[in-house]
Amino acid sequence: MRRMLASLAFTLGLLMLTVGLYADQLDHLKLIIKLHVP
Amino acid sequence: MSSKATSKTRRVKFPYSLFRNICEFFGFLLLNALAFKYVYPFIETQAIPIPIPVQASLKSTYSLMGGSLDYIQVMLSIPVLPLIPVASFFIVGSILGRFFCGWLCPMGFIQDLILKIRGGNPKINPRHHEALKKIKFIVLFATLFISSTLALSQFTEQGLKYKRALGPFTTGILFHIQPETTLAFTIPQIVAQYGYGSDLLDFTTVWSPGYLTLLGLAILALFFIGGYSVPWFWCRYMCPTGALMGIFAKVSFLGLSRDPSKCTKCGECVSICPMQIRILDMPWEKINDQECTLCLECVGACPTGALSPKLS
């Protein structure tokens with residue numbers, strides 16, 4: 001059960017990362033750095 | 001005869017504690033690498049847009065990489081679905097649990113340093129400990145609740161009113177007041193202002209109003225005083241990033257295991273654990289506690305070598 005949940009969390013994480021990269025979220029992160037990092 | 005036997009059975013112990021402290025120190029330097037720009041002006045490094053699941057402030061003047069929770073708060077305030085920062089929690093948490101808390105987190109490093117200066121490993125009443133552990137989950141819930149309701153409200157007419165009501169907390173309730181922000185951003189700002197001829201007692205900076213600075217300083221004082229009184233106080237009771245990673249740590253692949261055939265139940269592991277985990281009460285096959293930062297202090301302290309890290 002524990003291993004299954006860990007695998008599920010890992011797969012979900014990879015899925016979110018892929019969708020995030022596909023949606024050009026790195027540009028958002030760069031913009032956030034420009035706006036908030038002094 | 002007995003001394004010969006003892007010398008034969010004596011194990012050469014790997015210095016886990018020293019190794020972790022070195023890793024933490026280099027992690028601290030790496031995450032605050034932009035500080036080198038002030039020492040060596042020819043360095044032109046910029047912050048890298050990679051969210052990491054540790055308590056690293058996005059607002060810090062010296063931060064090379066920002067913490068995932070900071071990114072989540074800021075992205076929800078835009079509003080953008082924070083897929084990459086959330087993914088970092090899922091990926092790192094499911095494999096390593098709270099490993100980053102003990103080996104990479106800059107705030108963890110400072111807490112560890114305070115403990116080293118103080119010496120010893122005082123325990124607090126288990127009942128109080130169990131109750132105080134819940135604070136970090138309340139902080140996490142409050143942070144995510146405000147940020148997510150703000151994100152949802154921006155799709156309605158009430159969004160602007162909500163934003164105005166939150167004031168400087170629009171970018172997340174912790175964004176301006178967490179200890180690292182105060183330590184690596186607000187205090188340098190106040191000192192710089194003083195350098196330009198301003199009054200030192202004027203806590204209003206270009207970036208934040210005075211009451212926010214004072215609140216941040218109060219939380220920083222709690223961080224240091226708490227850290228001196230209770231080992232890893234911030235990580236145990238306050239850190240929302242640690243709380244989130246703790247949820248994953250309960251099921252993570254990496255954990256500890258205890259060999260019951262070697263274990264004499266001497267209690268050395270329990271007495272050295274800085275997170276006050278009752279290791280001997282855990283299932284021996286796999287120890288996955290939500291508080292365990294995998295610092296391996298217990299593994300190093302075990303006289304019979306019964307404890308070891310386990311990846312399964």
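**Figure 1. Secondary structure and overall dimensions of chain B in the predicted model.** Chain B of this predicted model contains 16 helices together with two strands. Its radius of gyration is 22 Å, close to the 20 Å that the globule rule gives for 312 residues, so chain B is as compact as a globular protein of that length. Along the principal axes, the C-alpha atoms of chain B fill a box of roughly 80 × 45 × 40 Å. Among the 312 residues of chain B, 45% count as buried, and of the contacts in this chain with a separation of 6 or more, 74% are between residues 24 or more positions apart.

**Figure 2. Packing of helix H4 against helix H9 in chain B.** Helix H4 (residues 68-77) of chain B and helix H9 (residues 135-153) of chain B pack with their axes 8 Å apart and at an angle of about 25 degrees, which makes H4(B) roughly parallel to H9(B). The crossing of these two helices, H4(B) and H9(B), is left-handed. On the side of H4(B), the contact is made by B:Ile72, B:Gln73, B:Leu76 and B:Ser77, which meet B:Thr143, B:Ser147, B:Ser148, B:Leu150 and B:Ala151 in H9(B). Sorted by class, the contact of H4(B) with H9(B) comprises four nonpolar and five polar residues, with no charged residues.

**Figure 3. The cis peptide bond between B:Ile78 and B:Pro79.** The peptide bond that joins B:Ile78 and B:Pro79 is cis, with omega at about 0 degrees.

Figure 4. The contact is made by B:Gln111, B:Ile114 and B:Arg118 of H7(B), together with B:Phe224, B:Gly227 and B:Tyr228 of H12(B). The residues of this contact of H7(B) with H12(B) divide by class into three nonpolar, two polar and one charged.

**Figure 5. The contact between chain A and chain B.** Chain A contributes 23 residues to the contact, and chain B contributes 25 residues. Helix H1 (2-22) and helix H2 (25-36) of chain A each supply at least two residues of the side of chain A that touches chain B, and the largest share of that side, 12 residues, comes from H1(A). By class, the side of chain A that touches chain B has 16 nonpolar, five polar and two charged residues.

**Figure 6. Positive phi at A:Asp24 and B:Gln276.** Although A:Asp24 is not a glycine, its phi is positive, at about 55 degrees; A:Asp24 lies in the loop between H1 and H2 of chain A and, with 9 C-beta neighbours inside 10 Å, counts as exposed. B:Gln276, likewise a residue other than glycine, has a positive phi near 55 degrees and is found in the loop between helix H15 (268-272) and helix H16 (297-301) of chain B. With 20 other C-beta atoms within 10 Å, B:Gln276 is buried.

Methods
Residues are numbered from 1 along each chain as its sequence is written. Chains are lettered from A and ligands numbered from 1 in the order in which they are written. This is a predicted model: local features need pLDDT of at least 70, side-chain atom pairs count only at pLDDT 80 or more; totals for chains, interfaces and linings use all residues. Axes are lines fitted to C-alpha atoms, for helices over the stretch in contact, and angles run from 0 to 180 degrees between N-to-C directions. Helices (H or I, at least four residues) and strands (E, at least two) are DSSP runs, numbered from the N terminus. Angles under 35 degrees count as roughly parallel, over 145 as roughly antiparallel, 65 to 115 as roughly perpendicular and the rest as oblique. A crossing is left-handed if the near helix is turned anticlockwise from the far one by less than a right angle, and right-handed if clockwise. Two residues are in contact if their C-beta atoms, placed from the backbone, lie within 7 Å. Ala, Val, Leu, Ile, Met, Phe, Trp, Tyr, Cys and Pro count as nonpolar, Asp, Glu, Lys and Arg as charged, and the others, Gly among them, as polar. The radius of gyration is taken over C-alpha atoms; the globule rule is 2.2 Å times the number of residues to the power 0.38. A residue is buried if 20 or more other C-beta atoms lie within 10 Å of its own, exposed if 12 or fewer, and partly exposed in between; C-beta atoms are placed from the backbone.
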